[in-house]
Amino acid sequence: MKVGVIGAGTMGSGIAQTFAQCDAVEKVYLCDIKQEYADGGKAKIVKGFDKRIARGKMEQADADKIVAKIETGLNDICVDADLIVEAALEVMDIKKNCFKDLQENIVKNENCIYASNTSSLSITEIGAGLAKPIVGMHFFNPAPVMKLIEVIQGANTPDEIVEKVKEISVQLGKTPVQVNEAPGFVVNRILVPMINEGIFVYAEGISDIAGIDAAMKLGANHPMGPLELGDYIGLDIVLAIMDVLYKETGDSKYRACPLLRKMVRAKKLGVKTGIGFYNYAGGEKVPTDRK
């Protein structure tokens, strides 16, 4: 199987690594809008392997075998792909135009499956007007580690494509959960509003950053507190999902916290920018409200 991954950011590179580690996959095309971005995604994979090798957790030969499967470039290298997984920006027009170009101008394999890694957008809308149907194949970060894949069936997604993606998910060593299309699907429908509520709790002065996170870790047995998790996901992604939930449902319970919106405007997005609710400068993690 040959797999094209569109978007070489954190999620895209992780998805590419996940496929490259699978024996059933012959080639992975890791693509982005610029060659340097695609190369950067592959370099991130190599850097991660180097750390594991240094700790004695991986053999160099195994890493080399996986990396050799990954070819970088622009989307036009996906000409013979059997599966495309789009992991581009969480913007509807970008995703729609990406699939349109792939289907009309690039991919020659008539049996290619087109999947989106969207975390909240409508699969039905992404696929509207396209010649080939779209299916949701939602990985979780970090993709090589997390065991779940949400397989989302849009209104026009054939059952056989859903079943095929579930089979592929199992080949990857993941557990697929089939989801009927709805805003936020399953995980983000539950998880992201919890993070947003944690931000409201902080904004209202009910507790400090460390206290809110400790309360949920110790009181609810969560591995991460909501503010720490928001930083890890990316506060821009959290805001985007909240806005989709609010727009699609019209329910005020999905209103994004004004502090969340303010932080995104200030580019305080969490781990990816080095500061969010925590400051990650110097490799440490310090709550930004600590005196």
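At 38% relative accessibility, V91 counts as partly exposed; buried means under 20% relative accessible area, exposed over 50%, and partly exposed in between, with a 1.4 Å probe and protein chains only. Before I go on: this is a predicted model, where local features need pLDDT of at least 70, side-chain atom pairs count only at pLDDT 80 or more, and totals for chains, interfaces and linings use all residues. Residues are numbered from 1 along each chain as its sequence is written, and side-chain values use heavy atoms, with hydrogens and water left out.

Back to V91. This residue sits in the loop between β4 and α4; helices (H or I, at least four residues) and strands (E, at least two) are DSSP runs, numbered from the N terminus. Together with L89 and I94, V91 makes a nonpolar surface patch of about 260 Å² accessible area. Patches take residues with over 30% relative accessible area and no salt bridge, joining like charges within 9 Å and nonpolar side chains (Val, Leu, Ile, Met, Phe, Trp, Tyr) within 5 Å. The areas are Shrake-Rupley values with a 1.4 Å probe, and for residues only the protein chains shown count as cover.

Next, helix α4. It covers residues 92-106, 15 residues in total, and its first and last C-alpha are 20 Å apart, close to the 21 Å expected at 1.5 Å a residue. The expected span is 1.5 Å times one less than the number of residues. Its buried residues are M92, K95, C98, F99, L102, Q103 and I106. Down the axis of α4 they fall within an arc of 155°, so they line one face of the helix; the arc is taken over the directions from the helix axis to the C-beta atoms. D93, N97 and E104 are exposed, on the face turned away from the buried side. The partners that the buried residues of α4 pack against include β1 (2-6), β5 (113-116) and β6 (134-138).

Beyond its neighbours within four places in sequence, Q103 is in contact with Y114, L130, A131, K132 and I134, where contact means heavy atoms within 4.5 Å.

Helix α2 can be read in the same way. It has 20 residues, 35-54, and reaches 28 Å from first C-alpha to last, close to the 28 Å expected. A38, G41, I45 and F49 are buried in α2. Seen down the axis, they fall within an arc of 75°, so they line one face. E36, K47 and A54 are the exposed residues on the face turned away from that side. The buried residues pack against α1 (10-20), β2 (27-31), α3 (60-68) and β3 (70-73). Just after α2, G56 has a positive phi of about 75°.

Last, salt bridges. How many salt bridges does the structure hold? There are 11, each a side-chain nitrogen of Lys or Arg within 4 Å of a carboxyl oxygen of Asp or Glu. E71 pairs with K27, with the closest N and O atoms 4.0 Å apart. E71 is in strand β3 and K27 in strand β2, so the pair ties together parts 44 residues apart in sequence. E90 and K95 form another salt bridge, at 3.4 Å from N to O. E90 is partly exposed at 21% relative accessibility, whereas K95 is buried at 1%. E86, E90 and K95 are linked in a network of salt bridges.
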